[in-house]
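Work through the exercises below with the structure open beside you. Try each task before you read its solution.

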Amino acid sequence: MRGRAGKFRLTQKFKYLTSMRVALFALILFTAGSTLFGVSVGALAICREQVVLERISEVGEYGKILTNQMASSGYLAAQGLEITTELTAAADIFDGRILVVDKNLRVVADTFNYEVGKILLSQKVIECIRGINTYRVEERDDYIQMTLPVRGGETAENAYAGAIILRASLERETTFLDRVEHTVLIIDLVVLFVVALVAFFCSGRMTKPFKSIVASIQHVTDGYLEDPVSIGGFYEVRRISDSFNEMLLQMKKVEESRQEFVANVSHELKTPMTSIKVLADSLTLQEDAPVELYREFLTDITDEIERENQIINDLLSLVRLDRKDAEMHIAQVSINELMEIILKRIKPIAKRKNIELMFESFRPVLAEVDEVKLSLAVSNLIENAVKYNVEDGTVRVSVNADHKYFYISVSDSGIGIPEAAQPFIFDRFYRVDKARSRESGGTGLGLAITKSVVLRHKGTIKVNSRENEGTTFTVRIPLNFIA
Ligand code: ADP
């Protein structure tokens, strides 16, 4: 109990974390957010690639024009001033720097004028001059660097006269991309905010029926069993409310039958009490009543007490059988021997009405049963066969079995049960003829007890009866007890 209470407290504490509404809200937001993030990152990457590619092609085109001009004017051999102006202009356009390297890796021109005369020992430049890799682009954070060869003479040895290293700034592109990124971020945030609003309302709307169900169930718990839950909307929610209503109906039936049972019990217990009171009153009112009258009335009072006792005993048996945890004392029992014992006990009662008791045993039957309970059940059937029989009638009891079940059948040549009454004979306190049952000491609980015992053995009981011809009860019980 403590564990459950602790768990409940914990759930209460974190109730928002376990709430379906919060889960739905988070799910919608997460799905939308991650999709938005993925799309934005992908789109920005494509955009950046495209912008840089355009810049590379722009710079490349310009670079090619420069190298062609250098090659045709023999710049590297002569180092004319004109081309240096062009170089400076080009470097300005690209907001970068241009270096010119001759065949011997010596820097012959630098728009920044830092490196002129120095030897540039760069792998890229060497590869470029040797014609191994004539076009290289390096992309750094904020600039691109391109190495382009300058063609030289006709022969293979002097095919390249040198190379130019073109460095162009990406500042303009980066600024543009930053602006795009900024705009995308703002759009993302706005969309996410709208999605959060929609998710908030949607999750609220989707979980609203559950709130209504809880309220309705609470209403029923408060005692309003008459008001069924009626909630529309989603199919699943309607299923829950339908199932709940079915359960409510069952509860109502159980409650009704409980009330009916209590009313019946009170009535049945009251009847002998009323008789006792009437008998006792008439004795006290009659001042000099003769001793014989006293004796007669007291005998009647004893009979009524005996009857009250019988009802209480039967009720106790039923209550004990009804308890699901009631123990079953299962043992291997010879059903044939059990029948013989029961029949021997009932024989004197049958004799009073000159009723013939016959026993037919088709085969010896050993079965796993609760001997005391089964004996009570079968006794009720045979006693009824005698009680509701005619003078000089017969009662035939038989025992048979197959590989799975054993069968006990009790047939009588008695008054029979009207067809309309047959569905009710196993109900508590039901009697076809109240007066006759009472006369023969019946409590109306015998068949209810029998049925209960049979059910506890996972068996079945059937009745076959015709009015004024007789009745047959057939009991079928598994040979091996099923727990
Ligand atoms: P009771 O204590 O009245 O016998 P039971 O529960 O044993 O109660 O039986 C219920 C009713 O079923 C009886 O009152 C009787 O009307 C009817 N009944 C039971 N067994 C027979 C039978 N063998 N023949 C005719 N009627 C029977």
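The model is predicted.

**Exercise 1. Find how helix α9 packs against helix α10, and which residues make the contact.**

Step 1. Locate the pair: α9 spans residues 335-352 and α10 spans residues 371-387.

Step 2. Read the geometry. The two helices pack at an angle of about 40 degrees, and their axes are 10 Å apart.

Step 3. Classify the angle. It makes α9 oblique to α10. Angles under 35 degrees would count as roughly parallel.

Step 4. α9 passes α10 in a right-handed crossing.

Step 5. List the contact. From α9 come Ile335, Leu338, Met339, Ile342, Leu343, Arg345, Ile346, Ile349 and Ala350. From α10 come Glu371, Leu374, Ser375, Val378, Ser379, Ile382, Glu383 and Val386.

Step 6. Sort by class. The contact of α9 with α10 has 12 nonpolar, two polar and three charged residues.

**Exercise 2. Describe the packing of helix α7 with α8.**

Step 1. Helix α7 covers residues 235-285. The axes of α7 and α8 come within 9 Å and cross at roughly 165 degrees.

Step 2. An angle over 145 degrees counts as roughly antiparallel. Therefore α7 is roughly antiparallel to α8.

Step 3. The crossing of α7 and α8 is left-handed.

Step 4. Pick out the contact residues. On the α7 side they include Phe261, Val265, Leu269 and Met273. On the α8 side they include Leu293, Tyr294, Phe297 and Ile301.

Step 5. By class, the contact of α7 with α8 has 17 nonpolar, two polar and five charged residues.

**Exercise 3. Decide how α6 is oriented relative to α7: parallel or antiparallel?**

Step 1. Helix α6 (residues 171-221) packs with α7 at an angle of about 10 degrees, and the axes are 10 Å apart.

Step 2. This makes α6 roughly parallel to α7.

Step 3. α6 contributes Pro209, Phe210, Ile213, Ile217 and Val220 to the contact. α7 contributes Val237, Ile240, Ser241, Phe244 and Leu248.

**Exercise 4. Explain why helix α12 is described as largely enclosed.**

Step 1. Count. Helix α12 (residues 446-456) has 11 residues, and nine of them are buried, so α12 is largely enclosed by the rest of the structure.

Step 2. Name the buried residues: Gly446, Leu447, Ala448, Ile449, Thr450, Ser452, Val453, Val454 and Arg456.

Step 3. Find their partners. The buried residues of α12 pack against α8 (291-322), α10, β11 (460-466) and β12 (470-478).

Step 4. Zoom in on Thr450, which is found in α12. Thr450 has a relative accessible area of 1%. Buried means under 20%, so Thr450 is buried. Residues up to four places away in sequence aside, Thr450 touches Ala377, Asn380, Leu381 and Ile461.

Step 5. Look just past the helix. There Lys458 takes a positive phi of about 60 degrees.

Notes: Residues are numbered from 1 along each chain as its sequence is written. This is a predicted model: local features need pLDDT of at least 70, side-chain atom pairs count only at pLDDT 80 or more; totals for chains, interfaces and linings use all residues. Side-chain values use heavy atoms; hydrogens and water are left out. Axes are lines fitted to C-alpha atoms, for helices over the stretch in contact, and angles run from 0 to 180 degrees between N-to-C directions. Helices (H or I, at least four residues) and strands (E, at least two) are DSSP runs, numbered from the N terminus. Angles under 35 degrees count as roughly parallel, over 145 as roughly antiparallel, 65 to 115 as roughly perpendicular and the rest as oblique. A crossing is left-handed if the near helix is turned anticlockwise from the far one by less than a right angle, and right-handed if clockwise. Contact means heavy atoms within 4.5 Å. Ala, Val, Leu, Ile, Met, Phe, Trp, Tyr, Cys and Pro count as nonpolar, Asp, Glu, Lys and Arg as charged, and the others, Gly among them, as polar. Buried means under 20% relative accessible area, exposed over 50%, partly exposed in between (1.4 Å probe, protein chains only).
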